[in-house]
Every structure is written in structure tokens, then in C-alpha cells.
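Hello,

I am passing a structure on to you, and my notes on it follow below. Please open it next to this email and look up each spot as you read.

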Amino acid sequence: MGQDDNGSACPSHPFDDDKLKEECGIFGTIGVAEAANFTALGLHALQHRGQEAGGIVAYSPDSGFNSVRRFGYVRDNFTSQKVMETLPGQLAIGHVRYSTSGNKGQTAIRDVQPFFGEFSMGGAAIAHNGNITNADELRRELIERGSIFQSSSDSECIIHLMARSLQKNIPERMKDALRRVEGAFSVVAMTRTKLIGVRDPLGVRPLVLGKIGDGWALASETCALDIIGADFVREIEPGEMVVITREGVESHRPFAQAKSRFCIFEHVYFSRPDSILGGTSVYETRRQIGVELARETPVDADIVCPVPDSGTPAAIGYSAESGIPFALGIVRNQYVGRTFIEPTEQIRNMGVRLKLNVNRALIKGKRVVLVDDSVVRGTTSRKIKEMILDAGATEVHFRIASPPTSWPCFYGVDTPERDKLLASSMSEDEMCEHLGVDSLRFISLDGLYRAVGEAKGRDPNTPQYCDACFSGDYPVRPADMVARGFELKAAE
């Protein structure tokens, strides 16, 4: 397998550590000329889901499977004609990542997906979005039986499980492997003639199907279909496997049926606002979150300002419902990336000013409502509050477009350990005092459910979404973490 292991790790920006990060985005296409170029465009549209590294595997009958894996942005690695010429063929899959498993922040090129395996019936490559919650157990078992792992990623377990299956073709081997896997997974995979897409039985992570000319595409979000001019066909359903060839799409159901528990934080933050989730515009859902937030947590103020960019749709909704004027009181510098210069202590102490600047003319003398998507550690919120007060605001009121994040995610989101989450050890009032603001209020869990279309709110007996980061209600027991000493919420 041709493989390019050049490049160096992309250092994270010093002020990006106070947001939850998706693990990755996945994309695949079949039946189009220069499939790798389409895949690169799709990954570019999914860059928000992973900025640490990316990879593409392509297949052509003449040269077989070829791969390029690089650290950094898609635009810096997969726009070179010289690079893309090494990935010929009408079939390709790709992956962009943050590390949630494996060596966080110390990624080796061998951890970058897609992963490839050579089987008796031919090669296969696989890219995975999510997190396998029994990966430690599987890894121990596989190593004891002779498997040799090349990476620290949980996703590699799938390839080894496929290799040990006795089934006669790769889709059947993949079914075998994924039946052993616990946790959350959306997968795109490829053989020499097939593009395969799978979602776990609960459908925690997203995956959509698109049509482009005579070809097909699979992607984490609809915005990646838009960029290549593909028509959105449908979402891959929870627990479904699709096998796509030149003849069309076959649907399989390899898992026992279960009630869907899609990640509700996809609506709040992870997905791009121009994507469609569950038939609804992400932008419209976030605007509705702001409407619910205004109904639940009114306040007397002069202007409503978003913390850019993710707080903007909710701030628009909050303004519309409350009647308080909307204003861009904070402006984002779009040119501070994760590859910024290594900061000196003096620059580091400037905090978020490198990234955000206050529009002083709007803020001075005003009572300001700041709308943000979440509070994780609270470090950025404190710095933003100080900037707003320095600009002459008379009051600062935080309104948060998600419930308090008080539990870590084990299903493919990079969350800090529980004791680093502000809401795990403080009440709303204590957080307000800690941040030094005039008021701090979060949307309720029921309010969030209403905003995403559940008119009666959250069903406590059978929740409609995965909301473990807010509720501590984990739909799949995080076996590896429990074995390491993680304490689940006591039964009520």
C-alpha cells in the first residue's frame, strides 16, 4: 500500500482547549472519476470535525490501493496536484481527526486513518467516527491471539476482528467484527469494488448518503455533500449497513434492533449550521434553542451578543424572543489557526484577545447578554467576561445554549476528565460567582429537547437522544473506563 508519512504534528492553538471537540469526520465516494479529489473536498467541508490530521485511501485497478496520511489541514495537504495524482481511481474514502483515543496530543502518523488491511479475498480500508468503549478488552484478547497492532487507536480493533472472521467476503467479516464492538461508531469502508457505510445500533454518530451523477457518496454531514454537488438521499439509519457498488445500494441489518440515541450535542455544537440533521436545519434548531433559552431565562439588558461563531444562531433566537436587540459585540479574527506561532508567555497572557476582540463602540455603557454554546472548563468564559467589562459594559449576563456539561463523553468527543468540568463540582450559582458575572443561566435539558423538536421534552424513562454529557445517563456502559475506575452515576 503506497503510504506517505511525511509531515509534523499540528500544534493546537493555546486557546482552543475550552471547547468540546468532535473526534472526526468521514467521507467516501464511488463511481466518480478522480474520487480522491471529491473526497478531499468532502473532508474540507468536514474540517470542523477534526483539524489534527487527515488521510485518504483510493483504489484503482491499475495501481491498487494507495494512501496519503498527513498532519494538519486538508487545504495544506490535499490540494497539491502532485499528491492527488498518487491517489487515482473511482473509489476513495477519507478521514479527518482529533484524537479522543490513543495518544491524545501526541499523535503518531500510524494513528491517522483510514486504516488498511490485506485479507485473503483482497484489501479493505476503514475510517471510523466515534469511540469503542470496550477497545481495551478487545485489544488484549486480539494481542493474546497473535494480532500485531500498528497504532494506539481503538479503531484498529475493527481491522483485526475482520481478519479473524471466518466469513467469505469483506462485508460479512465487517458485520462479524462490529457485532463484537461496543460504543459509538459510524464507519465508511472500501474494498476493490464496494463502498460500505455502517452506523451503530443506537445511531449515536451521524452518517448520510448522497448521489452524484452515476456515483454515490457517504459523509458525516450533508454540508460535505453540498460541496461536491451531490444530492442528499437519506440518512443511514441506526444499525444499518449499506453496501454500494456500481449496481446500486444494498441495505443490511446486522445488529439487534434498538431505540435510536443520536448525540444531541451534534445539534448544539458539532455539526455545521448549514447541515441537515433528522430532516431539520441545524441553524434553525440552534435558533430555536435561543428562543427556548429566552423563555426560560429572561433578563433585563440592552443588547444580546453571541460568542462567535457557535453562539450566533442561538443569540439570534434569544434576541427575537426577548425583544432585546442583537449586536455583534465580539468580532472573531478568522486568521488565528491551530498552527499559530509558538506563543511566548506574554502572548499567552493576552488570552482570547488573539482570537476575539470586543466591539467597544457597541458595548460601552450597555447591559450585555452573552450567548455561548457551552461552558466546559470556564477559562475562556472568564476571559471574555473581562474583555466585555474592560470595554465599558455595565453588566454581563451569560446565557448558555446547552445544559451544564458535567459528565465526560465516551462516544467520540474529546471531553476533559470529570473533575476538570466546571459543572461537575459547582452549581449554576457557584459557577456564576466563579466566573464573576451578573448572572449565568443554562437551558434546561427539557428546553433543549423541545428545541430539537420533542414537544413534551425529555422522556426520562427512554431518552430520545444520547445526552450523557449533561445527564450522566450513558446508553452504552463505558466498560473500559469503568475498569479504569470511572464511577457511573448512582441509580436514582
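**Helix pairs**

Helix α9 (residues 282-296) and helix α10 (residues 312-322) have axes that come within 6 Å and cross at roughly 45 degrees. Before going further, please note that this is a predicted model, in which local features need pLDDT of at least 70, side-chain atom pairs count only at pLDDT 80 or more, and totals for chains, interfaces and linings use all residues. Residues are numbered from 1 along each chain as its sequence is written, and side-chain values use heavy atoms, with hydrogens and water left out.

Helices (H or I, at least four residues) and strands (E, at least two) are DSSP runs, numbered from the N terminus. Axes are lines fitted to C-alpha atoms, for helices over the stretch in contact, and angles run from 0 to 180 degrees between N-to-C directions.

How do α9 and α10 lie to each other? They are oblique, a word for angles left over once those under 35 degrees count as roughly parallel, over 145 as roughly antiparallel and 65 to 115 as roughly perpendicular. The crossing of α9 past α10 is right-handed; that word applies if the near helix is turned clockwise from the far one by less than a right angle, and left-handed applies if it is turned anticlockwise. On the α9 side, the contact (heavy atoms within 4.5 Å) includes Tyr283, Arg286 and Leu293, and on the α10 side it includes Pro313, Ile316 and Tyr318. By class, this contact of α9 with α10 has eight nonpolar, three polar and four charged residues. In this scheme Ala, Val, Leu, Ile, Met, Phe, Trp, Tyr, Cys and Pro count as nonpolar, Asp, Glu, Lys and Arg as charged, and the others, Gly among them, as polar.

Now look at helix α4 (residues 135-144) and helix α5 (residues 156-164), whose axes come within 10 Å and cross at roughly 45 degrees. That makes α4 oblique to α5, and their crossing is left-handed. Here Ala135, Leu138, Arg139 and Leu142 of α4 meet Cys157, His160, Leu161 and Arg164 of α5. The contact of α4 with α5 has five nonpolar, one polar and two charged residues.

α5 also packs with helix α6 (residues 170-180), at an angle of about 120 degrees and with the axes 8 Å apart. α5 is therefore oblique to α6, and it passes α6 in a right-handed crossing. Ile158, Leu161, Met162 and Ala163 of α5 make this contact with Ile170, Arg173, Met174, Ala177, Leu178 and Arg180 of α6. Eight nonpolar, no polar and two charged residues take part in the contact of α5 with α6.

**Cavities**

Rolling a probe the size of a water molecule over the atoms shows where empty space is left. On a 1 Å grid over the protein atoms alone, a cavity is a set of points where a 1.4 Å probe fits but cannot get out, and lining residues have an atom within 4 Å of a point. Grid points are joined across faces, edges and corners, and a volume is the space filled by probe spheres set on the points.

How many cavities of 30 Å³ or more are there? The count comes to two. The largest cavity holds about 110 Å³ of space. Of the 15 residues that line it, Cys263, Phe265, Cys409, Val413 and Cys469 are the closest to its centre. α8 (265-270) and α17 (468-471) each supply at least two residues of this lining, which divides into twelve nonpolar, one polar and two charged.

The second largest cavity has a volume of about 40 Å³. Its lining includes Val268, Arg286, Asp372 and Asp373, and divides into four nonpolar, two polar and three charged residues.

**Backbone details**

Gln113 and Pro114 are joined by a cis peptide bond with omega about 5 degrees, and Pro114 is found in the loop between β5 (91-97) and β6 (115-119). The peptide bond from Pro308 to Asp309 is also cis, with omega near -5 degrees; Asp309 is in the loop between β18 (303-306) and α10. Finally, Glu34 has phi near 55 degrees, a positive value in a residue other than glycine, and lies in the loop between β2 (24-30) and α1 (35-45).

Best wishes

How values were computed. On a 1 Å grid over the protein atoms alone, a cavity is a set of points where a 1.4 Å probe fits but cannot get out, and a pocket is an open set with protein on both sides within 12 Å along at least five of seven lines; lining residues have an atom within 4 Å of a point.
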